[in-house]
Amino acid sequence: MKIEAVTMRELRMPLKYFFETSFGRSEGRRILLITAHCEGVEGWAECVAGDGPFFSYEWIETAWMTMREFLAPALLGRSLQSARDVPALLSHIRGHNMAKAAIENAVWDAEARATQQPLWKLLGGTGKEIACGVSIGIQDSHEQLLEKIEGELAAGYQRIKVKVKPGWDLEVLEKIRSRWPRILLSCDANSAYRLDDLSHLRKFDDFDLLMIEQPLWDDDIFHHAKLQRELKMALCLDESIRQARDAREAIELGACRIINIKVGRLGGFSEAISVHNLCQEHQIPVWCGGMLETGIGRAHNVALSTLPNFRLPGDVSASKRYWKEDIVEPEITVSRQGTIRISEQPGTGYEIKRNLIEQLTTRKDTITGGVR
Ligand code: OSB
Ligand code: MG
């Protein structure tokens, strides 16, 4: 597979509902799409970098510049055996995992299409369907949150995750639990607490939570290990796990009992599979996180979630929760049992809506230059 050109596009898409975490509220997303042109086959992927450096230091502008100046030039003109060869060609570029993931995953997409096999098979998956949960942001009122949860449960979702932060936590969890004593419930703090909050965090143990995700600093493993020893509930790491080496450290230190896999945060499918396999060897269940993706990134999350150690429902949910009209066809739908059925079609099984993408595109650049 020779990579002849890379196209970058930015789209602006309003979210149907705002999404609020401990680090802020989003009303819409700037979407970076990458197309790898490989000898008549196109591979597509989405970069999950946000509108600003809040979830991580990466954001849309760093991803755009790093792609244009370094990542695309490092791959252009190269003949690859498979997408697995991409990380080695980018390893001299430090960090920028979300940008790296976009180009690597575009090549995986191209490889699946070129070899006429489903992407999930190429990644090593097995499933016929995947289990879905939802991540529900901080709302304007408790009533609004309870209403949202009610709607998602009625739609069939198997697990509810709520965002928490100081001032939006114990009372919220108390209300949810008294109304739904037995649902699978977890919470995500996106680094909103400190180790000094230990006595406060201990009270979360009263709510029979499946897990608490990333309570402490976004780059920390050591203090999470101290915290996990003090809590009954399982701790899950998201932001802290940027590579398989971090997962090994977290597992050996006992910093978590569950790991969230986000392919963007990990720099691409190759590293995501490594983290998956490492966790499997250590009996640590994983689940697939989400970054408010369009159908392009979402379809990649669906494919990844078919690997066998994705044993807990992921934050991979229906397109219609986010977008008025998604940029793939069919859009991603979830059954009344809270599952997504896996397509047997080659590639992702979802078609790219080119016309709609063109309409939504605010800037576009095609890079054809040589090796940098
Ligand atoms: O921490 O999982 C997170 C969205 C943006 C940034 C961070 C996170 C999230 C989500 C959304 O929880 C999950 C989804 O895509 O629905
Ligand atoms: Mg998270």
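The model is predicted, so local features need pLDDT of at least 70 and side-chain atom pairs count only at pLDDT 80 or more, while totals for chains, interfaces and linings use all residues. Residues are numbered from 1 along each chain as its sequence is written, chains are lettered from A and ligands numbered from 1 in the order in which they are written, and side-chain values use heavy atoms, with hydrogens and water left out.

One of the pairs is W108 with F269, edge-to-face, at 6.0 Å centre to centre and 85° between the planes. This pair links distant parts of the chain, 161 residues apart: W108 is in helix α3 (residues 97-114) and F269 in helix α10 (residues 269-281). Helices (H or I, at least four residues) and strands (E, at least two) are DSSP runs, numbered from the N terminus. W108 is buried, with a relative accessible area of 2%, and F269 is buried at 0%; buried means under 20% relative accessible area, exposed over 50%, partly exposed in between (1.4 Å probe, protein chains only).

The magnesium ion (ligand 2) is coordinated by D188 (OD), E213 (OE) and D238 (OD), at 2.1 to 2.3 Å. Donors are N, O and S atoms within 2.8 Å of the metal (3.2 Å for Na, K and Ca); water is not among the atoms, so sites may look incomplete. Along the chain, the donors follow the spacing D-x24-E-x24-D. D188 lies in strand β7 (residues 185-188) and D238 in the loop between β9 (235-237) and α9 (244-253), so the pair ties together parts that are 50 residues apart in sequence. Both D188 and D238 are buried.

| Side chain | Distance from an N or O atom to an oxygen atom of ligand 1 |
|---|---|
| D188 | 3.0 Å |
| N190 | 2.8 Å |
| D238 | 3.2 Å |

The protein covers 96% of the 380 Å² of accessible area that ligand 1 has on its own (Shrake-Rupley method, 1.4 Å probe).

Note on methods: A polar contact is a pair of N or O atoms within 3.5 Å; within protein, one must be able to donate a hydrogen and the other to accept it, and residues adjacent in sequence count only if both atoms are side-chain atoms. Rings of Phe, Tyr and Trp (its six-membered ring) pair if their centres lie within 6.5 Å; planes under 30 degrees apart count as stacked, over 60 as edge-to-face and the rest as tilted.
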